[in-house]
Structures are given as C-alpha cells and as structure tokens.
Amino acid sequence: MQLFRFDKEVGSHVTQYNSDFWFSRILRTNHTKLQISCMTLEAGGLIGGHLAKVDQLLLILEGEGSVTGENNKMESVKRGEAVFWKIGEWHETRSENGLVAIAIEGEELDQAIFMKAKGEK
C-alpha cells in the first residue's frame, strides 16, 4: 500500500489567465491522454476564462461556486454536482466562499459520462 496527498499544500498556485487557485496533479496516462487533478479555490478564487484544450469534467467535492461556458451565462454549482466542457469551449470557474473539485481532462470524455443531468431524478 502507498499513501498520497493531493491537498492544496502539495499543489501549485496558478495565476495564468488571471486565475487564483491551487492545482494538485493526481494521475496522468499517456495511453488515453487522461489527466486527473484536484483544484482548490479559496474564498474569492478564480479559474480564469480560457479555452478547453481537451474535454473537461469538473466534479465539485466541497463548497460552491459559479461556472460559465460559451454562452457566458453563470450557473451555480455545489458539492455533488459536475460540469462538462467540450474541447475548444471557453469557460471560467469562480467561488465566493471556496470550493474543492476534481478535474478529469481527456479525449472523448462525453462518451463515458454516466451521471444524470442536473435536475433529473
């Protein structure tokens, strides 16, 4: 058995795109070009607007925030919810009170999502 950490204290502070968040790498594979990371936004934190280089799935583990996509409409997200952005889609994430999320980035993620859409029972 091995034990690992992925909390903010072992991550890197990101400021690119006017961002203010902590980024901790968890896993990366070359075979499927898949990367999994933990993102921590403190109160007032921001993942600045940018284009998705690959499909991206953001799973909110703690806290709440707001996200936007190509339509520039801010949508609220909270613990237990997820956001999906397609490759090339402009997006941004912010949090007034802080949030922790797992980001899964890779090719053709939309073909592997089993979760129900927000609002579905």
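**Reading charge, fold and a buried glutamate**

Q: How many positive and negative side chains does the protein have, and how far apart do the centres of the two sets lie?
A: In this predicted model, the protein carries 14 positive and 18 negative side chains. The centres of the two sets are 3 Å apart.

Q: Which secondary structure elements make up the protein?
A: Elements are read in order along the sequence. Here there are nine strands and zero helices, giving the pattern β-β-β-β-β-β-β-β-β.

Q: What radius of gyration does the protein have, and what would a compact globule have?
A: The value is set against the one for a compact globule with 121 residues, which would be near 14 Å. The protein has 14 Å, so the two agree. Its C-alpha trace spans about 40 × 35 × 30 Å along the principal axes.

Q: What share of the contacts with a separation of 6 or more comes from residues 24 or more positions apart?
A: Such residues account for 63% of those contacts in the protein.

Q: What percentage of the residues count as buried, and how much accessible surface does the protein have?
A: Of the 121 residues, 37% are buried. The accessible surface is about 8,100 Å², with 51% of it belonging to carbon and sulfur atoms.

Q: Where is E89 found, and is it buried or exposed?
A: E89 sits in the loop between β7 (82–85) and β8 (90–95). E89 is buried, yet it has no salt bridge. A salt bridge needs a nitrogen–oxygen distance within 4 Å; the nearest side chain of opposite charge to E89, K86, is 8.4 Å away.

Q: Which residues does E89 touch, not counting those up to four places away in sequence?
A: E89 touches H50, L51, A52, G69, E70 and F84.

Technical notes. Residues numbered from 1 in each chain as written. Predicted model: local features only at pLDDT ≥ 70, side-chain atom pairs only at ≥ 80, totals over all residues. Heavy atoms only, no water. Helix = DSSP H or I, 4+ residues; strand = E, 2+ residues; numbered from the N terminus. Rg over C-alpha atoms; globule rule 2.2 N^0.38 Å. Buried < 20%, exposed > 50% of the residue type's maximum accessible area, 1.4 Å probe, protein only. Contact = heavy atoms within 4.5 Å. Areas by Shrake-Rupley, 256 points an atom, 1.4 Å probe, with all protein chains shown as cover. Lys, Arg positive; Asp, Glu negative; His and termini not counted. Charge placed at Lys NZ, Arg CZ, Asp CG, Glu CD.
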